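Take a moment to look at the chain below. We will walk along it from one end to the other.

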Amino acid sequence: MGSFNVECDAVDPADVIAVATSVKRALATYGTQALTEMVQNCMAQDLSWKGPAKKWEEVLLSLGAPGSEPGIDGEEIAPLSKENVATP
């Protein structure tokens, strides 16, 4: 779709076609095995902060600031996303 502009006085016909095409594709996919697989693939991802936080900690520790030490490796506050969400 084209760039967003709240000051527009007219709708770009190309945007209308793009939206209509996207809606048609979504409707054609709804209720199919492809949609089920997309949902399962999305839900299986680990979207927690555990990995990025560990990498950030490594970067900060690599700076060698006096008194720096690794944090405590332990249980996450919340379980991984795939264990925390019901499957369809």
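Helices (H or I, at least four residues) and strands (E, at least two) are DSSP runs, numbered from the N terminus. This is a predicted model, where local features need a pLDDT of at least 70, side-chain atom pairs count only at pLDDT 80 or more, and totals for chains, interfaces and linings use all residues. Residues are numbered from 1 along each chain as its sequence is written, and side-chain values use heavy atoms, with hydrogens and water left out.

Start with the overall plan. The chain has 4 helices and 0 strands. Along the sequence the pattern reads α-α-α-α. Of the 88 residues, 6% are buried. Here buried means under 20% relative accessible area, exposed means over 50%, and partly exposed lies in between (1.4 Å probe, protein chains only). The chain exposes about 7900 Å², and carbon and sulfur atoms supply 62% of that area. Such areas come from the Shrake-Rupley method with a 1.4 Å probe; for residues, only the protein chains shown count as cover.

How confident is the predictor? Its confidence in each residue is the pLDDT, which runs from 0 to 100. The chain averages 80, and 74% of the residues score at least 70. Among the elements, helix α2 (residues 33–43) has the highest mean, 94, while helix α4 (residues 81–84) has the lowest, 53. Where pLDDT is low, the predicted coordinates should not be read in detail.

Now go to helix α1, residues 13–29. At its start, a side-chain oxygen of aspartate 12 comes within 3.0 Å of the backbone nitrogen of alanine 14. That is a polar contact: a pair of N or O atoms within 3.5 Å; within protein, one must be able to donate a hydrogen and the other to accept it, and residues adjacent in sequence count only if both atoms are side-chain atoms. Further along α1 sits threonine 21. A polar atom of the threonine 21 side chain lies 2.8 Å from the backbone oxygen of isoleucine 17. Threonine 21 is partly exposed, because its relative accessibility is 42%.

Just after α1, glycine 31 has a positive phi of about 80°.

Next comes the loop between α2 and α3, which holds serine 48. Serine 48 has 18% relative accessibility, so the residue counts as buried. Its side chain makes a polar contact of 2.7 Å with the side chain of aspartate 46. The serine 48 side chain also reaches the backbone nitrogen of lysine 50, at 3.5 Å.

Helix α3 covers residues 50–62. Its 13 residues should span 18 Å, and its end C-alpha atoms are 18 Å apart, so this helix agrees too.

Side chains of opposite charge can pair when their charged atoms come close. A salt bridge is a side-chain nitrogen of Lys or Arg within 4 Å of a carboxyl oxygen of Asp or Glu. By this rule there is 1 salt bridge. Glutamate 57 pairs with lysine 54, with the closest N and O atoms 3.3 Å apart. Both lie in α3, 3 residues apart, about one turn of the helix. Lysine 54 is partly exposed, because its relative accessible area is 31%.

Leucine 60 also lies in α3. At 40% relative accessibility, leucine 60 is partly exposed. Glycine 64 follows α3 and has a positive phi, near 70°.

Notes: Expected span 1.5 Å × (residues − 1). pLDDT = per-residue confidence, 0-100.
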